[in-house]
Amino acid sequence: MTFSATDHLHMARALRLAERAAYTTRPNPMVGCVIAHGEQVVGEGWHQRAGGPHAEIHALRAAGEAARGATAYVTLEPCAHYGRTPPCALALIEARVGRVVAAMRDPFPKVDGGGFTLLRDAGIEVAEGLMATQARELNHGFLSRIERGRPWLRVKLAASLDGRTAMADGSSKWITGPAAREDVQHWRARAGAILTGAGTVLADDPQLTVRLSGVEALPPLRVVLDAQLRTLSQRRVREGDAATLYLHGEGERAPADTDAQFQALPLQDGRFDLPAVMALLAEREINEVHTEAGATLSGALVRAGLVDELLLYQAPTLLGEQGRPLLDGLGIAAMDQQRRLRVVEQRQVGDDLRLLLRPA
């Protein structure tokens, strides 16, 4: 299907609008909409938060009567079902738009082509696939949960030039500079959950909250993998507005005198079944998991093939051969066992280099 330069211009704008809700719309996908007659934009909007009006509704309200006969550019197929809001496909039909251009189909089972069918049955021209790659990238977490049954998993790491994350005694404050630590907050903010292990909680007593001044963000769920519930005396991970979920072994008794959440999972040789952990989080409608953990849990996630991307902050410093490694337990003994990664993005953040890496 051929799209014009004007089509590309308006869809690019719709994608930028959608991205504005990166911190507030979960578990729903980020969606943007532009309504235009040719080059003239008459309305635009984005889905700001779950339960509120969708992007198409905001754009239609802005356009008013000018929506009639216009083209609606939307980054995801308009919904076709009654949820917390009525179907957007029906709203577009009632507004009598002439054409709908969608970046991609919505794989959510209650939609999955149904919105396109409603529009076409009403005589509205539908074109799909414009900037689909960018649209999928925007919502990789939502799509991962719907299509794969597990969240998109990111592991954040900070290391020296020689690949060390801490000194031998575990001290690691601070390898990276303040700009990198501030940058991490934005990655936390876009995640539905922040995952860590018992070892990190015991060693660092982290709070694992989003700290961004003047920025609206839904607090991510804090998830602690603690098979024996050894970390309950560390209170900072339960402070603040964010909820905390402890995943523990079936033989452990969860305390009743805390507002934290607890869920037992079967262990295998004393270890968590990590794919089962991801499935559990998907059931809780977590689209994206941001992991801040030590070398053991981070390495286990990589070894299990669950890591979709590594967020690596590399500091211009050396910690020496006694320092702790970046990842542990990969079991690589020969060159043909190496795990190749591709660089998606590299950026200078203060004095540090930020690398976004995905499996090759």
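**Exercise 1. Contacts and exposure of Leu341**

Task: In this predicted model, find which residues Leu341 is in contact with, leaving aside its neighbours within four places in sequence.

Solution. The residues in contact with Leu341 are Leu310, Leu357, Arg358, Pro359 and Ala360, once neighbours within four places in sequence are left aside. Then classify its exposure. Buried means under 20% relative accessible area and exposed means over 50%, with partly exposed in between. Leu341 has 38% relative accessibility, so it counts as partly exposed.

**Exercise 2. The five-stranded sheet**

Task: Give the order of the five strands in the open sheet, and state which strands stand at the edges.

Solution. The order is β2-β1-β3-β4-β5, and the pairing is mixed. Strands β2 (40-46) and β5 (125-128) stand at the edges; each has a single partner strand, so one side of each is left without a neighbour in the sheet. From one strand to the next the twist averages 15°.

Now take one pair in detail. Strand β4 (residues 99-102) and β5 run parallel and are joined by four bridges. Within this part of the sheet, Val101 stands opposite Ala127 in β5. Helix α4 (residues 114-121) packs on the sheet and touches β4 and β5, its direction making about 150° with that of β5. Another helix, α2 (residues 55-63), lies across β1 (32-37), β2 and β3 (71-74), and runs at about 140° to β2.

**Exercise 3. The nonpolar cores**

Task: Identify which residues touch the most other members of the largest nonpolar core, and which helix gives the most to this core.

Solution. The largest nonpolar core has 52 residues, and Met11, Ile35 and Val100 touch the most other members. Helix α1 (residues 5-19) gives the most to this core, with six residues. Apart from this core lies another, of 33 residues, among them Ala159, Leu225, Val302 and Leu310.

To see the surroundings of Val100, list its contacts without residues up to four places away in sequence: Val100 touches Ala72, Val74, Pro78, Leu92, Leu119, Ile124, Glu125, Val126 and Ala127.

**Exercise 4. Strand β8**

Task: Determine how many residues of strand β8 (residues 193-197) are buried, and which way its residues point.

Solution. Five of the five residues of β8 are buried, and the strand is mostly covered. In a regular strand the side chains alternate between the two faces of the sheet. In β8, Ala193, Leu195 and Gly197 point one way, while Ile194 and Thr196 point the other way, and all are buried. For the pairing, β8 and strand β9 (residues 221-225) are parallel over five bridges, and Leu195 stands opposite Val223 in β9.

**Exercise 5. His248 and Leu229**

Task: Decide whether His248 is buried or exposed, and list its contacts.

Solution. His248 lies in strand β10, residues 244-249. Its relative accessible area is 3%, so His248 is buried. Not counting residues up to four places away in sequence, His248 touches Asp226, Ala227, Leu229, Ala254, Phe262, Gln263, Ala264, Leu265 and Phe272.

Follow one of these contacts, Leu229. Leu229 is found in the loop between β9 and β10. Its phi is near 50°, a positive value in a residue other than glycine. With a relative accessible area of 12%, Leu229 is buried.

Technical notes
Residues numbered from 1 in each chain as written. Predicted model: local features only at pLDDT ≥ 70, side-chain atom pairs only at ≥ 80, totals over all residues. Heavy atoms only, no water. Pairing = 2+ DSSP bridges. Helix = DSSP H or I, 4+ residues; strand = E, 2+ residues; numbered from the N terminus. Axes fitted to C-alpha atoms, helices over the stretch in contact; angles between N-to-C directions. Contact = heavy atoms within 4.5 Å. Core = buried A, V, L, I, M, F, W, Y, C linked by side-chain atoms within 4.5 Å. Buried < 20%, exposed > 50% of the residue type's maximum accessible area, 1.4 Å probe, protein only.
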